[in-house]
Amino acid sequence: MKTIVIYKTKYGSTKAYAEWIAEALGCDVVDAKTVSISDLAEYDTIVYGGGLYSEVINGITLITKNADKLRDKKIAVFTTGITPQDCRAYYDTYVIEKNFKKGVPENVKIFNYPGKMILDELSVVHRAALKTLKKIMMSKENPTEMEKMLVELCDANGDFSDKTLISDLVEYVTEGK
């Protein structure tokens, strides 16, 4: 069984997870910028990682637009973001709706990991988006618990990545081998 780990990263945590996963699986790891769908023909298993930005998985169209060509592959998709692990179910609903319009194919399993957000490293666009989101959420008269959490997350600053969390994905990829 030949495996590849592909990632698309903006700030580095997705790349770190991709490298950890590839090391654990003993397989190739490549930046999504260097991969075409034809490159994936030789692989039985594909691991794809991308950061979450407004519930959209960075670069996931490599997988979603080619679902028919990849239907005979085992696929693990992982996301990185700053949403706390105990709130992932809420986000997963939106992540799946936005990224997998026809539902998640049977050969795809999704994993979520905490990433990093170093405020000083954010692009001007991302800083502006956070500022706008925080302003909108703070202006709500009766904010929900999720809206209150979003305000707090706008000020998150740090690297929350955790290598120990990859074991579930590694186990999924290696089961049946």
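## Briefing on a predicted model

Setting aside neighbours within four places in sequence, D28 is in contact (heavy atoms within 4.5 Å) with T3, I4, V5, A22 and Y43. This is a predicted model in which local features need pLDDT of at least 70 and side-chain atom pairs count only at pLDDT 80 or more, while totals for chains, interfaces and linings use all residues. Residues are numbered from 1 along each chain as its sequence is written, and side-chain values use heavy atoms, with hydrogens and water left out.

- D28 is found in strand β2, residues 28–31, where strands (E, at least two residues) and helices (H or I, at least four) are DSSP runs numbered from the N terminus.
- With a relative accessible area of 38%, D28 is partly exposed, a class that lies between buried, under 20%, and exposed, over 50% (1.4 Å probe, protein chains only).
- Y43 stands 15 residues from D28 in sequence, and their C-alpha atoms are 10 Å apart in space.

**Nonpolar cores**

- A nonpolar core is a set of buried Ala, Val, Leu, Ile, Met, Phe, Trp, Tyr and Cys residues joined through side-chain atoms within 4.5 Å.
- The largest such core has 19 residues, of which I6, L40, I46, Y48 and I57 touch the most other members.
- Two or more residues of this core come from each of β1 (3–8), β3 (45–53), α2 (61–64) and β5 (74–81), and β3 gives the largest share, three residues.
- Apart from this core lies another, of 18 residues, including Y7, I21, V47 and I166.
- Beyond its neighbours within four places in sequence, Y48 is in contact with residues including I6, A32, I57, L62 and F78.

**Pockets**

- A pocket, found on a 1 Å grid over the protein atoms alone with a 1.4 Å probe, is an open set of points with protein on both sides within 12 Å along at least five of seven lines, and its lining residues have an atom within 4 Å of a point.
- The largest pocket holds about 850 Å³ of space, and among its 34 lining residues L52, Y53, S54, L130 and L133 are the closest to its centre.
- The second largest pocket holds about 300 Å³, and of its 17 lining residues the closest to the centre are T64, A67, K102, G103 and P105.

**Cysteines**

- A search of the whole structure finds zero disulfides, meaning pairs of cysteine sulfur atoms within 2.5 Å.
- C27 is buried at a relative accessible area of 17%, and C154 also counts as buried, at 6%.

Definitions and conventions
Grid points are joined across faces, edges and corners, and a volume is the space filled by probe spheres set on the points.
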